[in-house]
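Please look over the sequence and the model shown here before reading the report that follows.

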Amino acid sequence: MSNVSPSGTPMAASPLTRAVLEIDEYASGLGWDRPARLFALVDTARLRAQEPGLASQLGLKDGEAAAYTPIEQEELPRGKPLDEFLGTIAWPDAVAGCALTVERLMLPPSAEASVPDGLDEAGLAKWVARHPDRQEVRMTVAVLRDGAREAAIRLREKDSPNEVLTGADLVPGLADALAATFES
């Protein structure tokens, strides 16, 4: 018996981890250099019971094990900072959680000591983009209303499902911003 589901997600993973990895796999199939994508996470059993037509349209079958179904939202507005956009979101009660995929440049911790003083945000972004140790990553971060969090990080240079790093605290700032979308 395999420890991997037909979708390639580890069976032992929590339902939220499986949802994050499903979204990561979807984003991977779209390729790199894509805008951020926002997803509502809905309880799959509740969706099948309350919205059978939508469940059918999404290809959800009775007895499927997925606890959360990610539903991609409209494209994020271009030119608006992500934190400002997230501050405008209010989710209906039927949404159990949300997730976001976003691509960024990251530096290893060893590079922090060499960051020049006095850079504004734009200057820092340019400096990071020119740094020889920069790495392009796709981050998928999800939160639930109950406070649970999960993230997946995929390096562009190691673009393989077997190389995806997961953990609850990998991108705490983005997780905090997503969690704030559930606060009244």
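How much space lies in the largest pocket?

## The largest pocket

In this predicted model, the largest pocket holds about 840 Å³ of space. A pocket is an open set of points on a 1 Å grid over the protein atoms alone where a 1.4 Å probe fits, with protein on both sides within 12 Å along at least five of seven lines, and lining residues have an atom within 4 Å of a point. The lining comprises 24 residues, and Val102, Glu103, Arg104, Leu105 and Glu121 lie nearest the centre of the pocket.

By class, the lining divides into 15 nonpolar, one polar and eight charged residues. At least two lining residues come from each of α4 (82–86), β3 (95–106) and α5 (121–130), where helices (H or I, at least four residues) and strands (E, at least two) are DSSP runs numbered from the N terminus.

Strand β5 (residues 149–155) is mostly covered, with five of its seven residues buried, that is, under 20% relative accessible area with a 1.4 Å probe and protein chains only. β5 pairs (at least two DSSP bridges between the strands) with strand β4 (residues 135–144) in the antiparallel sense over seven bridges, and alanine 142 stands opposite glutamate 150 in β5. In the hairpin of β4 and β5, four residues lie between the strands, and glycine 147 takes a positive phi near 100°.

β5 also pairs with strand β6 (residues 165–167), in the antiparallel sense over three bridges; leucine 165 in β6 is the bridge partner of isoleucine 153.

## Basis of the values

Residues are numbered from 1 along each chain as its sequence is written, and side-chain values use heavy atoms, leaving out hydrogens and water. Local features need pLDDT of at least 70 and side-chain atom pairs count only at pLDDT 80 or more, whereas totals for chains, interfaces and linings use all residues.

Technical notes. Buried < 20%, exposed > 50% of the residue type's maximum accessible area, 1.4 Å probe, protein only. Points joined across faces, edges and corners; volume = space filled by probe spheres on them. Nonpolar A, V, L, I, M, F, W, Y, C, P; charged D, E, K, R; others polar.
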